[in-house]
Amino acid sequence: MKTQILTLKTYDDRKLWSKLKAGDEKSFSLLFEKYYGDLIHYGNSFSPFAEKVQDCVQDVFADIWLYRESLQEPNVVKAYLLSSVRKRIARLYERDHIFKKITTTDSIEFLFDFSVEHELIDDEATAENVLYLNKLLNELPSRQKEALFLRYNQGLSVEQIAEMLDVNYQSANNLLHRGLLKLRQEWKGSLSILVLLSSVVN
């Protein structure tokens, strides 16, 4: 499975996007396989209903294929897909009347759990630090938590996070800064462990 994931990562997103726009089904399938897991993972952050999240992700890809000829090429395909799933879930909440007139997921609690399995970390001290950091992360406000997730787990830039959260660059930067500042205040370890956290969380 890991070999398959590594193989998928070698495909260039822009080339896959260009080919799927031209009707290449293989490129469409490769893009689906490459990001399906990440999109499900992200979608589950907003909804406890796994089947509905799966439907949202599949609907996003169905629309991409259906309207492929008229789609513009996104700056970053992964950010576009994450954003599309975010908007689709917001529409789902609106349709189900969970929230009235909701057009974003801002009012929805970010449910993602930055959990880490002990067996994934060899050093006991490192494991304890990661678990404590996990506790601190889960105590952050929802928007800060989501911004950190997008930055460290999904590898998005501040600009991309700002676009996804529909805020300006400074606001996105502030969310990240405040989240990290809170972590620094509560925990004196090296924040480089965030990189470790993001690498084992999936």
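Is Phe 46 buried or exposed? Phe 46 is buried, with a relative accessibility of 1%; buried stands for under 20% relative accessible area, exposed for over 50% and partly exposed for values in between (1.4 Å probe, protein chains only). The legends below describe a predicted model, in which local features need pLDDT of at least 70, side-chain atom pairs count only at pLDDT 80 or more, and totals for chains, interfaces and linings use all residues. Residues are numbered from 1 along each chain as its sequence is written, and side-chain values use heavy atoms, with hydrogens and water left out.

**Overview. The chain has 10 helices and zero strands.** From the N terminus on, the order of elements is α-α-α-α-α-α-α-α-α-α. Helices (H or I, at least four residues) and strands (E, at least two) are DSSP runs, numbered from the N terminus. Of the 202 residues, 44% count as buried. Contacts (heavy atoms within 4.5 Å) between residues at least 6 apart in sequence join residues at least 24 apart in 65% of cases.

**View 1. Trp 17 and Tyr 80 form one of seven aromatic pairs in the structure.** Rings of Phe, Tyr and Trp (its six-membered ring) pair if their centres lie within 6.5 Å; planes under 30 degrees apart count as stacked, over 60 as edge-to-face and the rest as tilted. This pair is edge-to-face, at 5.3 Å centre to centre and 80 degrees between the planes. Trp 17 belongs to helix α2 (residues 13–21) and Tyr 80 to helix α5 (residues 77–95), so the pair ties together parts that are 63 residues apart in sequence. Trp 17 is buried at 0% relative accessibility, whereas Tyr 80 is partly exposed, at 28% relative accessible area.

**View 2. Tyr 42 and Phe 46 form an edge-to-face aromatic pair.** The ring centres are 5.2 Å apart, with 85 degrees between the planes. Tyr 42 is buried at 0% relative accessibility, and Phe 46 is buried at 1%.

**View 3. Phe 28, Phe 32, Tyr 36, Phe 61 and Trp 65 form one aromatic cluster.** At Trp 65, the charged end of Arg 68 sits over the ring, 4.0 Å from its centre. A charge sits over a ring if NZ of Lys or CZ of Arg is within 6 Å of the ring centre and within 35 degrees of the ring normal.

**View 4. Lys 52 lies over the face of Phe 49.** The distance from the ring centre is 5.4 Å.
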